[in-house]
Structure formats: structure tokens, C-alpha cells
Amino acid sequence: MANTEPNAQGVPADAMRRLAELEPGKPGSIFTSDLSVNEFLLVREAGFKPIGLVLGSSIYHVGIQIGRWGKNQELETLSQAMYHARELAMTRMEAEAAALGADGIVGVRLTVEAREFGNDVAEFIAIGTAVKADHQAPGNTSWRNNKGQPFTSDLSGQDFWTLIRAGYAPLGMVMGTCVYHIAHQRMGAVFSNMGKNVEIEQFTQALYDARELAMARMQAEAEALHAEGVVGVQLNAHNHRWGGHTTEFFSIGTAVRPLRADHEIERPTMVLSLDG
């Protein structure tokens, strides 16, 4: 009887069989990729071969936590739920890449999709193209990060090519999240502000605090990877289904390290239009 049980990382047996059939590196083997044609060619030019499309998924029930009506506060139970669900999806994607013997994953997309199983159920999906380097990194070192895992990057193929050519390498996607309850205004304050141009300081402070928590957590992940910095940072706000006074701030980017001391940037190619 075929084994259909997931492995320790939660990757289904069917997925592992699909990856085994790809047989990267063997004559006649094929690869799968969601890279565009231009991205594929630039990733090859940078010295990496796509070897397979990898993904991770987690359908997660997000619990309930009620914020105090008049208080700005992080909803730590919800923050932890959103973080853990994304981490499960990322870990499973990385496990698929490791099964292919990949050095990294490029063009990663990390999304959240609502499902019809219930108001508090969502699917967290990570998907990208596993790649293997033609050569070792400078100094005969591994392209993998300091945790021994394939690097992950949400950079486009064009940005990935530019990064490598300029003497930097991705270490991993780093993220930070914060689900925050924004206090309601008291009725007296609402009436006193009517007709006035005035800053609502408690709202300003709440949003400021929530963004800072998300950014600080992303930075802590980059420090754990011994990164020099984080590029391509996105800082987004999502209301999901919590209502107007509860918002998730989510920051994500690619942590990078230098490959060499000098960083020569490719000179841009001038393009002349043939129109007119």
C-alpha cells in the first residue's frame, strides 16, 4: 500500500513523489517554474538553474481575542497565529526545495486566501522556483544560509540578477507581523473634534506602534541570519475579517549578505525608442 502520510514538515507524500520524478541534473529531466521568460533567462545568466516549482500550504484557524474598547493594544494571540501559519507554509516550501537538493528559492510569493470553511479559516500559501547554482559561492562557500537551509527570496528575476552581479547574495525572506487593536474614540472627543482639523493622536500612535513592532520583528529575523541588510521591504496593512478597529501590519523583505568586498553595479543599457 502506498504511503500517503505527510513527512515531519507536513509535506504530503504525493508532493515528495512529484519532486522525486523531476530528477534534477539527470539527462532528459525537466524542470517546472513560475518564472517569466525574462526572469528565467536572467536567473540562468546569474549562474542558477531552475529545478522545480515548490510550494507550502497551511490552512489555519485563527482564534479569537477581543481588544479593550478604549485601549490601544497588540492582540498577541492573533499575532502569533498569523506568524505561525505563514511559517508553516514557508517551512514546507523549503522542505520541498531541500528534497530537490536546491541551493535556494527565487520569486517567492507568500499569500493569504480566505476559504469557505468558516470566517476564521484562511489558507497561507508560499510558492517559488527552486534553483541550484552552477558553482559554489565565492570562497568555496555554500549558497545556503547559516541555518543550512536553501535561501529564499521574493525578488523578481531581474532584481535577483542585479543583486548577484553586484556582489550580494540572498539569505532568506524575513518577516514580522503585528495584529493590533486600535482604541475607539470616546464620545466626548468625537463631539469636540467635529468641524475641526485636528490630529487624532491615539489613532496615530496606535498605527505607529503596530508598524514599529512588525518592522522590529522582521529586523530580528535578519539579524539571526547574520544579514548585512534587508532589501525590497514591503509594509502592508490587512484588515482580514476582524473589523475596522483591528488591523494586521505585515512587513517582509529579503535579507542579504555580501559576496565580496567590492560591489560593481552594472551600467544601465540605454534604449532608444524606434517610435516617432
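View 1. Helices (H or I, at least four residues) and strands (E, at least two) are DSSP runs, numbered from the N terminus. This is a predicted model, in which local features need pLDDT of at least 70, side-chain atom pairs count only at pLDDT 80 or more, and totals for chains, interfaces and linings use all residues. Residues are numbered from 1 along each chain as its sequence is written, and side-chain values use heavy atoms, without hydrogens and water.

**View 2. Four antiparallel strands form an open sheet in the order S2-S6-S8-S7.** Its edge strands, S2 (73-74) and S7 (229-238), each pair on one side only; pairing requires at least two DSSP bridges between two strands. S7 and S8 (residues 246-258) are joined in the antiparallel sense over eight bridges. Val 230 stands opposite Ala 255 in S8.

**View 3. Thr 177 is found in strand S6 (residues 168-181).** Thr 177 counts as buried because its relative accessibility is 3%, where buried means under 20% relative accessible area, exposed over 50% and partly exposed in between (1.4 Å probe, protein chains only). Its side chain makes a polar contact with that of Glu 248 at 2.4 Å. A polar contact is a pair of N or O atoms within 3.5 Å; within protein, one must be able to donate a hydrogen and the other to accept it, and residues adjacent in sequence count only if both atoms are side-chain atoms.
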